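Okay, thanks for coming, everyone. Let me put the model up, and then I'll walk you through some rings and a helix.

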Amino acid sequence: MNTKINKSFYGYIFIAPFFIGFLLIGLAPILYTFYLSLTKWDGFSDPVYVGAANYTRLIHDSFFFQTIGSTLIIWIMSIVPQILLALGLALILNERFIRGKHFFRAVFYFPHIVTPVTLGVLFSLMFDWQTGSINKVLMNIGLVNDPVNWFNNPWWSRIIVAGVICWQYFGFNLIIFIAGLQGISKEVYEAAEVDGATKPIIIRRIILPLLRPVMLFTFITSVIGGLQLFDAPLMLGDGPGNSTRTMIMYLYETAFKNFDYSYGSAVAYGIFVVVMFFTAITTLATRTKE
Amino acid sequence: MRSGYTHTKALLYLLLAAVSFVCLVPFYSMLITSTHANSEIASKLLLWPGTELANNYNRLVGSVNIWRGFANTVFISVTATILNVYFAALAGFGFSKYRFRYRNFLFLFVLGTMMIPGQLGIIGFYKVMSMLQLTDTYWPLLLQSLYNAFGIFLMRQFADASIPDEIIESGRIDGCGEWRIFHRIVLPLMGPAIATLAIFSFIGKWNDFLTPMIILFDNDKQTLPVMIASVKSAFSSDFGAQYVGIAISVIPLLVFFALMSKQIISGVAAGAVKG
């Protein structure tokens, strides 16, 4: 008994690196960012305390609110097809008679591990209006006569950014949905089949309700990730009239391109509030329906 | 009835094939286009390999040290993955097998840190690192691997389920110290969880973009994703060279995935079910 109490001290030692690391490299910078957001600092001279001035500027900053809107639009335009596509394909791949399941799963998942920056560059080249292959294909099959200037149109730009995100992430959701489907016991299906239920009824009445928790989990986690879109959209550009500039792109441009670190810090906290707000809303909205 | 069934089946396969096509065709286009001259890329639709790969490649490596970036990224990803896995296993083991005070509260704290958006402290991170004179070194990128809440969660789950307390007790009876128990008995038993975490940690670090971009200044220290981004602006009208750069970034991941796809996919599924 005595030795056990002594040994339990090692628990603290073993978890200590996490807490030291988090306090020094995670939390300290977060608190320091908050301090900077209350100052005026250009990166060279010492920060000067200015109170809430940066936050006053933030709530009157139409560019910031535009990035919130653009991020939300791009997120919704990518998450809805993402979930529908992943769900449909997961249901198909869950069928017993389909062959090559591993192959299809691997192909659908592969885009998810490719470097987002690289994908951004790749798609910006493919959608280049004069030299990109997409316009070449469309003109070759006669769908359009003249090349479409995609990135000159705010909605095409948003569709492309959302499309790239959807293309990259649907495979990830697919794997999660398949895991969820495999968690549903076979007996449930078999009982329904014995009772004479058809496939569409089984899907609507049995599978979808049982899969609900998994779908909610993906949806809620996608809020946190989707509102922080950065790498791929940065490579695809701000879009006409900044229509595809995301919140994190604005943070990056403010702090590390215009070197306005103190206002950038306020933007970072603004983004934090927005992300928390929408996470709370989605959590509440999905909970009340339960 | 029978033919209706066959039709449905054919339709489903067609759908799967179509989506597979959409997933793969950008990579095919990337490979094909990287082998053509800029004049051809600009003027026509390319479906078959050309002969200009060497020229495109030479123009790229003539001004961007892409293999240096590749080596830098390998070094950072491997080192960070080792640190990440080791400290996650250590903390996961600590949370799983030692009954210390505030254990549950501290574990909840660890999980809570996962809710913090990654970019919240990025400006402060840059400032703190420059005060410590660690900018333009790899230290900031590696130190981040000391704390990985998801890894600790994964390791604790695994230790709770698969490492019996009796093994640790018998190690103590044999006179092993606690560190020795961890290194000699627990770490080898954690193999499957270590493999899963290592794969995700490696991919995450390999693709990391914002932190290296703001922390590193010297072009020769830069990572591959940042180099790809700079290739885009430096070679704005040289499409052939850009496509070669993209291919150099994608092909290693393709090979890695071809070798590991089963482990990667089952790791995603396991992580999701537990999450």
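So, let's start with two residues: Phe14(A) is buried, and Phe93(B) is buried too. Buried here is under 20% relative accessible area, exposed is over 50%, and partly exposed is in between, with a 1.4 Å probe and protein chains only. Those two make an aromatic pair of the tilted sort, 5.6 Å centre to centre with 35 degrees between the planes. The pair crosses between chains, going from helix 1 (residues 2-37) of chain A, where Phe14(A) sits, to helix 4 (residues 66-97) of chain B, which holds Phe93(B).

Cut-offs, since you'll ask: rings of Phe, Tyr and Trp (its six-membered ring) pair if their centres lie within 6.5 Å, with planes under 30 degrees apart called stacked, over 60 edge-to-face and the rest tilted. Helices (H or I, at least four residues) and strands (E, at least two) are DSSP runs, numbered from the N terminus.

And the housekeeping: this is a predicted model, with local features needing pLDDT of at least 70 and side-chain atom pairs pLDDT 80 or more, while totals for chains, interfaces and linings use all residues. Residues are numbered from 1 along each chain as its sequence is written, chains are lettered from A and ligands numbered from 1 in the order written, and side-chain values use heavy atoms, leaving out hydrogens and water.

Back to the rings. Which ones are linked into a cluster with Phe14(A) and Phe93(B)? Ring pairs bring in Tyr10(A), Tyr86(B), Phe87(B), Tyr98(B), Trp179(B) and Phe182(B). Tyr86(B) counts as partly exposed, because its relative accessibility is 26%.

There are charges over rings as well, meaning NZ of Lys or CZ of Arg within 6 Å of the ring centre and within 35 degrees of the ring normal. Arg158(A) has its charged end over the ring of Trp155(A), 4.7 Å from the centre. In chain B, Arg156(B) lies over the face of Phe107(B), at 4.4 Å from the ring centre.

Helix 7 of chain A is largely enclosed by the rest of the structure, because 21 of its 29 residues are buried.

Last, chain B overall: 14 helices and zero strands. Of its 275 residues, 52% count as buried, and its C-alpha atoms fill a box of roughly 75 × 70 × 35 Å along the principal axes.
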